[in-house]
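Come along and keep the structure in view.

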Amino acid sequence: MDRSEKLELITSLHNTLKEAELVVVTRQSGLTVAEVTDLRRKMRAAGAGYRVAKNRLARRALEGTKFTGLSDLLTGTTALAYSKDPVAAAKVAITYAKDNEKLSIAGGVLGSLVLDPEGIKALASLPSLDELRAKLVGLLQTPATRVATVLAAPAGQLARVFNAYATKESSAS
């Protein structure tokens with residue numbers, strides 16, 4: 001890789017990381033190309049990305065971003081998983097690491113908060129942004145449904161009373 005390619009890689013990675021909310025540093029020892037491709041595919045499906053870069057180049061790309069705290073984690077064979085969703089990259093990385101012993105989580109950064117591997121696992125157990133939105137919509141709809149039920153109940157009771165009187169008079173006749 002010549003100097004211009006390295007500069008292009010650093011700039012590309014820097015721009016990508018500027019837009020991310022979460023970066024997870026993974027250690028991969030012995031992952032095959034097929035396994036890395038599978039991991040990348042899963043990351044893309046979740047709205048995240050996965051990038052293998054030399055540690056020195058990754059450190060330079062982290063300069064000027066909110067993820068400068070990751071520099072200490074960039075030792076050995078590492079790769080960066082990143083996402084705009086604060087949970088997506090962590091979920092995919094943790095799930096993949098459970099199935100494949102060759103991948104481990106070194107840590108990460110959410111916003112400006114540096115997380116250890118346990119913090120990333122805790123983050124991965126949270127619902128995603130879409131799941132939270134669905135729960136919020138459900139919570140907002142529930143009171144309206146209950147109000148409608150409460151308001152409709154007296155009318156329903158009144159209709160049952162009228163029906164009972166009508167049934168009573170028709171049986172008496």
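**Entry 1: the model.** I noted at the start that this is a predicted model.

**Entry 2: salt bridges.** I began with a general idea: side chains of opposite charge can pair when their charged atoms come close. How many salt bridges did I find? The count came to six.

**Entry 3: K66 and E21.** I looked at K66 and saw that its side chain meets that of E21 in a salt bridge, 3.4 Å from N to O. K66 sits in the loop between α3 and β3, while E21 sits in the loop between α1 and β1, so this pair ties together parts that are 45 residues apart in sequence.

**Entry 4: K102 and E35.** Next I found a salt bridge between the side chains of K102 and E35, at 3.5 Å from N to O. K102 counts as partly exposed, with a relative accessibility of 32%.

**Entry 5: inside helix α2.** I turned to R41, which forms a salt bridge with D38, their closest N and O atoms being 3.8 Å apart. Both residues lie in helix α2, three residues apart, or about one turn of the helix. Salt bridges with shared partners join D38, R41 and K42 into one network. I looked up K42 as well: its place is in helix α2, residues 33-45. K42 counts as partly exposed at 38% relative accessibility. Its C-alpha is 9.2 Å from that of A93, although K42 and A93 are 51 residues apart in sequence.

**Entry 6: T26.** Is T26 buried or exposed? T26 counts as buried because its relative accessibility is 0%, and buried means under 20%. I located T26 in strand β1, residues 22-28. Its side chain has a polar contact of 3.2 Å with the side chain of Y50.

**Entry 7: a positive patch.** Which residues form the positive surface patch? I listed R3, K54, R56 and R60. I followed up on R60, which lies in helix α3, residues 55-62. R60 is partly exposed, with a relative accessible area of 44%.

Key:
Residues numbered from 1 in each chain as written. Predicted model: local features only at pLDDT ≥ 70, side-chain atom pairs only at ≥ 80, totals over all residues. Heavy atoms only, no water. Patch = residues over 30% accessible without salt bridge, like charges linked within 9 Å, V, L, I, M, F, W, Y side chains within 5 Å. Areas by Shrake-Rupley, 256 points an atom, 1.4 Å probe, with all protein chains shown as cover. Salt bridge = Lys/Arg side-chain N within 4 Å of Asp/Glu carboxyl O. Lys, Arg positive; Asp, Glu negative; His and termini not counted. Charge placed at Lys NZ, Arg CZ, Asp CG, Glu CD. Helix = DSSP H or I, 4+ residues; strand = E, 2+ residues; numbered from the N terminus. Buried < 20%, exposed > 50% of the residue type's maximum accessible area, 1.4 Å probe, protein only. Polar contact = N/O pair within 3.5 Å; in protein donor to acceptor, adjacent residues only side chain to side chain.
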